[in-house]
Structure formats: structure tokens, C-alpha cells
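Biologist: I would like to learn how to read a protein model one feature at a time. Could you take me through this one?

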Amino acid sequence: MTALQQDSRLVRTDDDWLHLPNRWDVPVDICAGADVPIEPGAVEEVLTVLETAGTLARLADATGGGEARIDRVALTPDLHKGAGIPIGTVLRTTGALIPQAVGNDVNCGMRLETTSLTVDQVRPRLDALEGRLRHLFFEGGRRIALSGVQREALLRDGLPGLLGVPGDRAGGVWSQHRPEDGRPGRIHGERYPATTAEPFRDWIDSAGGTSYDSIIGSVGGGNHFAELQYVASVHDRHAAYAWGFELGQVVLMVHSGSLSLGHQANADGLEQARRAWPARVPKPDNKILPILLGERNEAVLRRYLDAFGNAANFAVGNRFFLSLMLRQGLAAECGALSADLVYDAPHNLLWRDDDGSVVHRKGATPAGGYADMAGGPYAMWGEPVIVPGSMGAASYVLRGHGNPRTLASACHGAGRRVPRGAASRAGDAELDAFLAEFRVVTPLDHRDPAVARRADVMAAWRRDLKQEAPWVYKDIGPVVSSLGRARVADPVVELRPLLTVKG
């Protein structure tokens, strides 16, 4: 039994579902089999989040607006504590949105591409690839030329906007861009609505004409990465063939977000929530501040949603450039290659519906079914669901079923089981054994004798790596099995890593 499943407040309704009764009678379901551990303390945090149901009722009464409520909460197998709201929380509201239910890194998400290379072509060249990728990612090699016009087009109109305006695409990683990169239907949300890009005017104007950008093309910190992988096994051969997968094929996986722009957008959202807060209503003890929908808060919502849309669009562009950087390194070492986007999926985002409902995902990925994918390349299969394992472990690509019990959502990874602080204090032996078997490209080259002699530098580097080491995350196998048994998503292929780039 895990700590979560021993909690007397939880009721197991079947092999892969738990229900959390609560005084607000909000439906709360957790997709997790008995073999999926969940970090202690997450249940208490969920119950604290549910107090927002009372906050919404008080706000609606005080303002005389329409009804505002939490309709449903779905929790994914990788549930663990977050900053106020757990990672792995999907929350649907009516009449309000909650910036904190998205989190700081707006549109943190995944991008997955297939390539024309095979694992046998790439594996013998990993030594040289490590150096090339370090130069591209951390030593000024990416050379992403962007004008102010291109930056604004990206923020307002997403990747289609960026690729639709003229610009200098002759050098740097732009050389890896192909016309097919703009094919529709392979990004969850081709663009996120924004009426202006003014919240990030400083970044737009910093181009000074056309310049090499120092922000976009950054992996970011924490659990973000860019990884070379290969198709190790096929679970659904029909879907795998239709999606372009072959055994032994090298694929590119990127996990990153909106960097400083997302943090700015989230901070602005909280500031707008404070400004909109009625003076006669005490702020809630859980410090979660919703914003009621409607005319009263129209200006506040517009300002937040513009910054939110800008950051979300930036994140898609950031993952695009990170994939170009992986392509560039492979091309320089292995020769010309082709690459095709399978899917780009968000983790931290919200979706407004015309009926006044809002679905928020924090550390969860969309897992729509046939109907959700109607009219696109995945209408026959369901939405591609990318579930990365821990550093050095397998990842999976699944196809979603649009399960209403999870609000058509799935987990965004295996999920942390050891907090960062405890992980960073772990011993060195396990880390050394891992590094002897697996390649991790970081800004610091730990094999450089000059670096290795700096005990202080090496200690800080080891501490950071320990926080993302394989043993601090759950086993990906039981997590994927829970998704399949619960009819959330079924596996299509299993991917194994060759090399990971960490910021």
C-alpha cells in the first residue's frame, strides 16, 4: 500500500480509480492503480484546493454575479505536491478561472518528432554528438535570428504567425526548418488567443532590427529536457505505422515551456486577481485567488489572457527551436536527415468554453478521443499522449480516449516520489553509477579536468542532477498500465533514451 492509498479519506472504487469525498461534494477522482505510489501530503493539498469552492460562492454572493463553482477535479497517476495546487491536477470550473491552477510555467509541454535516422547510425557517434549539442545549447551555437516583427507574430499568432512572416532564415538552426514544420493538426491549439503582445514589448523591441535571441531556444530548469530517443517496442502497430514510427528509429523529444514569459504572465494573473477582489470579501486562507468571469472583470480578464496567450504561444515556438537544435546537431554529425512532427502537447494551460466553463490543467496533458480530434490527422486514433519517464528511463506515446472521468486528460510523466530537497542530499555512489551508463549533456562538462578539480562547482552540479535522477521518480510502467486499464489512453510505442540535454 502507498501512503495515499492508506489515507482513510480515500475510497477505492475499482482497481484503477480512487474517489476523494469532500464537504463540498465536488466529484474528485484519482486514476491510480494499487501499484502507483503517490507522494504523501498530496491529498491534504487537494482538500485545501477544494476550499476554493467556498471562495467562489462568497465571491458570487458579494458581487451579485452568476453562479461560480468547481464542477469536477481529476487527478492523474503522477499526482504530487505543488505550490498550492498539486502537480497532476485537472480542474473544471464554471463562472471563474484560477490562474494558480495553471502554474508559473504557462504551456510547459512536450514536442515529439520522428527522424529518418536509426539508432545504429546515431549510437556510435554519441561522443561527438555530446560536444556538438553542448555547443548548440549552451555555448552560443544556436544563433536564432529573430526580428521584432517575428517576435510579435509569434506572441500574437503562435508558430503559424512566426512562420508566416518574412525573416532571416539562412543561418543558425533556422537552416533545419522545413515547410512541413507548419502542417496543421499536430499542435494542440495552433495558436492561443491574444489581442496584443504589449505585455512583452521589451522582448519584442530588444531585437533592434534582427538579432540572435538569448531567451528562446533555452531548455529551462527542473525536469525540462531535450532528448534523443529511439523506438524500442511497438504496442499498437496500426497506430504506430499511421503516426510514422518504426522500430529502431531515432526520435526527438523536447520538454520545455515559456521560461520567464510564463512566470511574468502568471504573476500578472495574480496581480489582476488581487485588483478584482471585492474589498468586503476576505481573501481565502488557502491563498488561491479566482477571477470571476463576466463584464465586471472584463478588463482584468483581457489583460491576463493576453499575457497568458503570449506566453503560451512563445512556449510552442521555444519547443520548435529546441527541436531544430537537436536536428542541427544530428545533421552535423550524422549527415542530412528528415524530421516530422508527431505532436506538440501542453501541460500547464486553461481552456475556456462558450458555456462559461473553464478546464485548467497543471502538470497534466490532454488525452482527447476520436471526437476531440475530428477533422485532423488523429481523428481515427485519438489524441497523441506523450508520457516521458525519468532521465534515463523509457517514455511512452499513447492514444487518448477522451475519458470524461479525467476531463479528457492524462499524466504528464511518471511523477516525483522524492522531494527535491531530500533528493539533493542523497549520496554520490548511485549518481556515479548512473553517469557511467548514461549521457547527460549539461552546460558544465564534468569530464573536463579543469572543471573536475573545482570541488565547489562539481558539488553544485551533482546536487542539481540528483534532483532529477531516475530514483527520485516513480516507475513509468505501472503509471502507463493504470492509464490503459482505466481507459484513459493506450500505449502505441515505447521509446528509450540515447542522450539527454539538461539545462
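Modeller: We will go through the annotated residues, the aromatic pairs, the charges over rings and the backbone angles. The model is predicted, so local features need pLDDT of at least 70 and side-chain atom pairs count only at pLDDT 80 or more, while totals for chains, interfaces and linings use all residues. Residues are numbered from 1 along each chain as its sequence is written, and side-chain values use heavy atoms, with hydrogens and water left out.

Biologist: Which residues does the UniProt annotation "binding site" cover?

Modeller: UniProt positions are given in the numbering used here, with shortened feature names, and annotations may be inferred rather than shown by experiment. In this case the unreviewed entry gives "binding site" for His255 and His347. They are spread over 93 residues of sequence, yet they cluster in space, with a largest C-alpha distance of 9.8 Å.

Biologist: Where does histidine 255 lie, and is histidine 255 buried or exposed?

Modeller: Strands (E, at least two residues) and helices (H or I, at least four) are DSSP runs, numbered from the N terminus. Histidine 255 belongs to strand β11, residues 249-256. Buried means under 20% relative accessible area, exposed over 50%, and partly exposed in between, using a 1.4 Å probe and protein chains only. Histidine 255 counts as buried because its relative accessibility is 2%.

Biologist: What is histidine 255 in contact with?

Modeller: Contact means heavy atoms within 4.5 Å. Leaving aside neighbours within four places in sequence, the contacts of histidine 255 include Cys108, Asn223, Phe225 and His347. The backbone oxygen of asparagine 223 is 3.2 Å from a polar atom of the histidine 255 side chain.

Biologist: Where is histidine 347 found, and which residues does histidine 347 touch?

Modeller: Histidine 347 is in the loop between β13 (339-346) and β14 (349-352), and its relative accessibility is 0%, so it counts as buried. Not counting residues up to four places away in sequence, histidine 347 touches several residues, among them Cys108, His255, Arg361 and His412.

Biologist: How many aromatic pairs does a search of the whole structure find?

Modeller: Rings of Phe, Tyr and Trp (its six-membered ring) pair if their centres lie within 6.5 Å; planes under 30 degrees apart count as stacked, over 60 as edge-to-face and the rest as tilted. The search finds nine such pairs. One of them joins tryptophan 174 and phenylalanine 321 edge-to-face, at 5.1 Å centre to centre with 90° between the planes. This pair links distant parts of the chain, 147 residues apart: tryptophan 174 is in the loop between α5 (148-163) and α6 (201-205), and phenylalanine 321 is in helix α9, residues 298-334. Tryptophan 174 is buried, with a relative accessible area of 1%, and phenylalanine 321 is buried at 0%. Ring pairs also link Trp174, Phe320 and Phe321 into a cluster.

Biologist: Which arginine has its charged end over the ring of tryptophan 17?

Modeller: A charge sits over a ring if NZ of Lys or CZ of Arg is within 6 Å of the ring centre and within 35 degrees of the ring normal. Arginine 405 has its charged end over tryptophan 17, 4.2 Å from the ring centre. Arginine 151 lies over the face of tryptophan 203, 5.1 Å from the centre of that ring.

Biologist: What phi does asparagine 107 have?

Modeller: Asparagine 107 is not a glycine, yet its phi is positive, at about 60°. Leucine 259, also not a glycine, has a positive phi of about 55° and lies in helix α8, residues 259-276.

Conventions:
Polar contact = N/O pair within 3.5 Å; in protein donor to acceptor, adjacent residues only side chain to side chain.
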